[in-house]
Amino acid sequence: MSTGIYVRVSTEEQAKEGYSIRGQQQKLEDYARIKDWPIHDVYTDEGISGKNITERPEIKHLIDDVQAGHVKNVLVFKIDRLTRSTADLIYLVDLFNAHGCAFNSLMESIDTHTASGRMFLKIIGIFAEFERENIAERIILGRERKVKEGYTLCSHTASYGYDRPKGQKIQTINADEAQVVREIFELYANQGLSITEIARRLNLRGVPTKHNNKWTTQGVRNMLKNSNYMGHVRHHYENAQRAYTVQGQHEQIISQALFDKAQHRLTKNPSISPRKQPREENYFTGFLVCANCGHKLHAHNIYSKLADGTTKFRGYYGCGNTVVGACNASEMSALKLERAFSEHLTRFADFEGNAAVEQDAQAQTQQESRQQIAICEEKLRQMQAKAREALDCYANSIFSVEEYCQVKKRMNSDQEMLCAELQRLRVRAEEMPHHKLEIAKSLQENWDGLSYIEKRMFLMQFVEKIVVENEKTGTGLHDKQVRIFEVAFGGAK
């Protein structure tokens with residue numbers, strides 16, 4: 001672990017308190033050798049106050065090396081040698097963390113590889129979080145003021161149809177995208193095309209979204225509802241109680257009349273309807289996920305009247321993204337899906353299916369192991385306390401380097417043996433979660449005998465999702481086979 005040693009002393013401290021740059025450096029170099037840390041460089045700020053980091057050339061050098069990846073561990077004699085400013089300390093620790101650099105202080109026994117060292121960093125994190133919350137509050141107030149002055153925030157990216165380069169306060173019209181915006185409003189408001197058809201046409205023409213993705217019905221709907229195209233600025237628009245709109249300073253793309261006409265049609269034909277439970281035959285609805293694009297699969301049924309007066313049912317599942325041209329997955333029959341699901345359950349349940357476990361014996365073994373773990377953990381805590389005592393003795397010159405090395409070597413050996421025993425006991429005591437295997441076995445044994453309603457209830461209780469694809473197996477139209485990639489088991493829904 002490439003280590004950067006930082007030492008500092010002001011002229012006043014050296015005169016009054018007897019601090020010595022050479023003494024600090026020698027202690028730290030000896031400690032680094034004990035730890036087997038290769039020293040990248042020693043950064044020395046002599047005769048300089050620790051009230052800030054802006055006037056210290058060597059700490060700037062250290063920061064540069066950390067950011068460049070040359071230093072992966074910073075070692076100081078005391079924290080106040082690094083800085084006396086809490087704000088600067090928070091900044092430096094955050095910077096070290098961001099670049100995967102550890103931090104150690106000899107006198108405070110702070111080592112980010114130890115529990116106490118990590119605790120100290122958590123305390124620093126509390127102050128950092130407090131400072132970040134204050135900054136966040138100021139940002140929120142600034143954003144509110146910016147919106148009320150008519151500037152678009154563009155928190156993530158500008159709306160489709162606009163650009164706002166970095167450093168520019170007012171968004172400007174993107175001519176090519178603006179033409180697509182006008183076309184979408186015209187097709188929907190004046191020509192009566194559905195949102196789905198508009199998305200499909202854009203995808204067939206290869207028109208990309210702002211992020212070079214496929215158009216979706218939700219994306220088109222969001223555009224039609226966006227008053228930004230009227231020259232307005234919206235804020236909190238996703239929260240009906242907090243939402244408000246003000247006149248913006250950017251140019252509008254569409255007219256008020258066209259926007260109002262689109263809103264009237266959206267209101268007249270709402271896209272959100274009360275959630276309906278699927279038909280009994282479609283018990284897989286809501287659990288199937290397309291392996292191609294990750295979209296949910298929807299069900300549709302075909303009912304045919306037979307000569308004897310009975311009705312024949314044929315069920316199918318298809319990806320919702322195919323209707324807008326964003327996915328080319330083919331439909332699959334419910335019958336083939338049912339067969340593939342049963343085969344998947346059989347394969348899963350047979351895996352390690354013959355491993356008999358004696359439950360009572362296992363519980364007794366686990367209880368004994370937990371008791372031994374508690375004993376070992378207490379011993380480990382005592383060892384860590386002794387290690388800190390030995391380090392304090394070295395830091396205060398009670399132990400020489402050679403004496404500390406001998407004590408440390410013996411402690412390290414004992415600690416390694418204890419940690420190995422702890423690991424063995426924890427593995428032995430670990431609960432062996434067989435719930436997924438048990439669920440699969442239960443489903444496999446009972447599935448065929450369940451009714452449609454019971455199958456859906458079973459899925460709702462134990463299954464989160466089923467990733468599936470209708471895989472092509474030949475050149476013929478019907479040469480396809482349903483393939484299940486994953487059945488994710490989980491708790492009750």
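Guide: Gladly! The protein has 15 helices and 15 strands. This is a predicted model, in which local features need pLDDT of at least 70 and side-chain atom pairs count only at pLDDT 80 or more, while totals for chains, interfaces and linings use all residues. Residues are numbered from 1 along each chain as its sequence is written, and side-chain values use heavy atoms, with hydrogens and water left out.

Visitor: Why is N228 called buried?

Guide: Buried means under 20% relative accessible area, exposed over 50%, and partly exposed in between, with a 1.4 Å probe and protein chains only. N228 has 4% relative accessibility, so N228 counts as buried. N228 sits in the loop between helix 9 and strand 8 (232–235). Over the protein, 39% of the 493 residues count as buried.

Visitor: Which residues does N228 touch, leaving aside neighbours within four places in sequence?

Guide: With contact meaning heavy atoms within 4.5 Å, N228 meets T152, S159, Y162, Q171 and H250, those neighbours left aside.

Visitor: Why does G161 count as buried?

Guide: The relative accessibility of G161 is 0%, and therefore G161 is buried. G161 lies in the loop between helix 6 (115–148) and strand 6 (162–163). Leaving aside neighbours within four places in sequence, the contacts of G161 include T172, I173, V181 and I253.

Visitor: And why is Y188 buried?

Guide: Y188 counts as buried because its relative accessibility is 4%. Y188 belongs to helix 7. Beyond its neighbours within four places in sequence, Y188 is in contact with residues including L193, I198, L224 and L266. Y188 and L258 are 70 residues apart in sequence, with 9.8 Å between their C-alpha atoms.

Visitor: What makes a group of residues a nonpolar core?

Guide: Such a core is a set of buried Ala, Val, Leu, Ile, Met, Phe, Trp, Tyr and Cys residues joined through side-chain atoms within 4.5 Å. The largest one has 30 residues, and I184, F185, W215, Y229 and I254 have the most contacts inside it. Helix 7 (175–189), helix 8 (195–204), helix 9 (217–225) and helix 10 (256–268) each give two or more residues to this core. Helix 7 supplies the largest share, eight residues. Apart from this core lies another of 27 residues, among them Y283, L288, Y317 and A340.

Visitor: How do you know that a space is a cavity and not a pocket?

Guide: On a 1 Å grid over the protein atoms alone, a cavity is a set of points where a 1.4 Å probe fits but cannot get out, whereas a pocket is an open set with protein on both sides within 12 Å along at least five of seven lines. The structure holds one cavity of 30 Å³ or more. The largest cavity has about 50 Å³ of space, where volume is the space filled by probe spheres set on the points, joined across faces, edges and corners.

Visitor: Which residues line the largest cavity?

Guide: Lining residues have an atom within 4 Å of a point, and here they include C290, L297, M332 and E469.

Definitions and conventions: Helices (H or I, at least four residues) and strands (E, at least two) are DSSP runs, numbered from the N terminus.
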